[in-house]
Amino acid sequence: MRLILLGAPGAGKGTQAQFICERYNIPQISTGDMLRAAVKEGSELGLKVKEIMTSGGLVSDDLIISLVKERIAQPDCENGFLFDGFPRTIPQADAMKEAGVKIDHVLEIAVADEEIVKRLAGRRVHPSSGRVYHVEYNPPKEEGKDDVTGEALIQRDDDRESTVRNRLAVYHEQTAPLVDYYQQWAQEEPDAAPAYHRVEGIGSVDEITRKVTEALDG
Ligand code: AP5
Ligand code: ZN
């Protein structure tokens, strides 16, 4: 299965990606996680993107497109993959179309902006695995620690409220047009285009997982 998870920052893409990837046995390709790992390593790529990410802006299309193309050429992507946080602009979506990367499903997780600010303020992450928690809505078994490894959880640099507002503005301006893009494509070329599904992202994590599974299993 080849799938795109579409949704605003904090909509729950990373949270649902964990379940979906386990269920369909496909790798999660989160461009955000890849970039954060590069920043942490202090690689050339990391140095280039650090400031942009901290401000909540988008990294250049060229850079992201080559990163993703390289990633999907790896052997573990042969049976499919899940894109989390990609494509995020029309040029990124066009690049996949032009490269002939066939996608089966686009799944939009819809959450209103006010809810997002609350979610991101309480988010904690386990950086090396990408596992996501929330201090109130999805707490770890032991406070401040990852359920699987027991390692410390951290807060992301871009989860400060002022940055979150900017990320939301960038989302509405540059990424939300992809909703129309994929819906229109599905109408015009139902055989070539990915199937489009929209799931309301408000409710418990388990409820959303159930709706996501229903949508994907048809
Ligand atoms: P990225 O890492 O992709 O961040 P994002 O899209 O802003 O999304 P988030 O990771 O913030 O949210 P999410 O939807 O995964 O939510 P989560 O499941 O964690 O990108 C970061 C940056 O990298 C960008 O700003 C940009 O600079 C750069 N970048 C990345 N990709 C790029 C690209 N393609 N092009 C250009 N630049 C790119 O959940 C959020 C919180 O809510 C958690 O605490 C969770 O526990 C909680 N939660 C989840 N579900 C529920 C629920 N149902 N009820 C209550 N709480 C819930
Ligand atoms: Zn995420």
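Author: The UniProt annotation "domain: Adenylate kinase active site lid", from an unreviewed entry, covers residues 123-158. UniProt positions are given here in the numbering used for this model, with feature names shortened, and annotations may be inferred rather than shown by experiment. Over residues 123-158 the chain is 0% helix and 22% strand, with the end C-alpha atoms 11 Å apart. Helices (H or I, at least four residues) and strands (E, at least two) are DSSP runs, numbered from the N terminus.

The model is predicted: local features need pLDDT of at least 70 and side-chain atom pairs count only at pLDDT 80 or more, while totals for chains, interfaces and linings use all residues. Residues are numbered from 1 along each chain as its sequence is written, chains are lettered from A and ligands numbered from 1 in the order in which they are written, and side-chain values use heavy atoms, with hydrogens and water left out.

Around ligand 1 there are 37 residues, of which Thr15, Gly57, Arg123, Tyr133 and Arg167 come nearest; a residue is near a molecule or strand if one of its heavy atoms lies within 4 Å of it. By class, this shell divides into 15 nonpolar, 14 polar and eight charged residues. Ala, Val, Leu, Ile, Met, Phe, Trp, Tyr, Cys and Pro count as nonpolar, Asp, Glu, Lys and Arg as charged, and the others, Gly among them, as polar. At least two shell residues each are supplied by α1 (13-24), α2 (31-41), α6 (113-121), β6 (131-134) and α9 (205-217). The largest share, four residues, comes from α2.

From the side chain of Arg156, an N or O atom is 2.9 Å from an oxygen atom of ligand 1. Taken alone, ligand 1 exposes 1000 Å², and the protein buries 97% of that. Accessible areas come from the Shrake-Rupley method with a 1.4 Å probe; for residues, only the protein chains shown count as cover.

For "binding site", the unreviewed UniProt entry lists Gly10, Ala11, Gly12, Lys13, Gly14, Thr15, Arg123, Val132, Tyr133 and Gly203. Of these residues, Thr15, Val132 and Tyr133 are included in the lining of the second largest pocket. On a 1 Å grid over the protein atoms alone, a pocket is an open set of points with protein on both sides within 12 Å along at least five of seven lines, and lining residues have an atom within 4 Å of a point. Ala11 is buried, with a relative accessible area of 3%; buried means under 20% relative accessible area, exposed over 50%, and partly exposed in between (1.4 Å probe, protein chains only).

To return to the loop between β6 and α7 (161-175), Asp146 is found there. Asp146 also counts as buried, at 3% relative accessibility. Its side chain makes a polar contact with the side chain of Thr149 at 2.8 Å. A polar contact is a pair of N or O atoms within 3.5 Å; within protein, one must be able to donate a hydrogen and the other to accept it, and residues adjacent in sequence count only if both atoms are side-chain atoms.

Methods: 1 Å grid on protein atoms, 1.4 Å probe; cavity = no way out; pocket = protein on both sides within 12 Å on 5 of 7 lines; lining within 4 Å.
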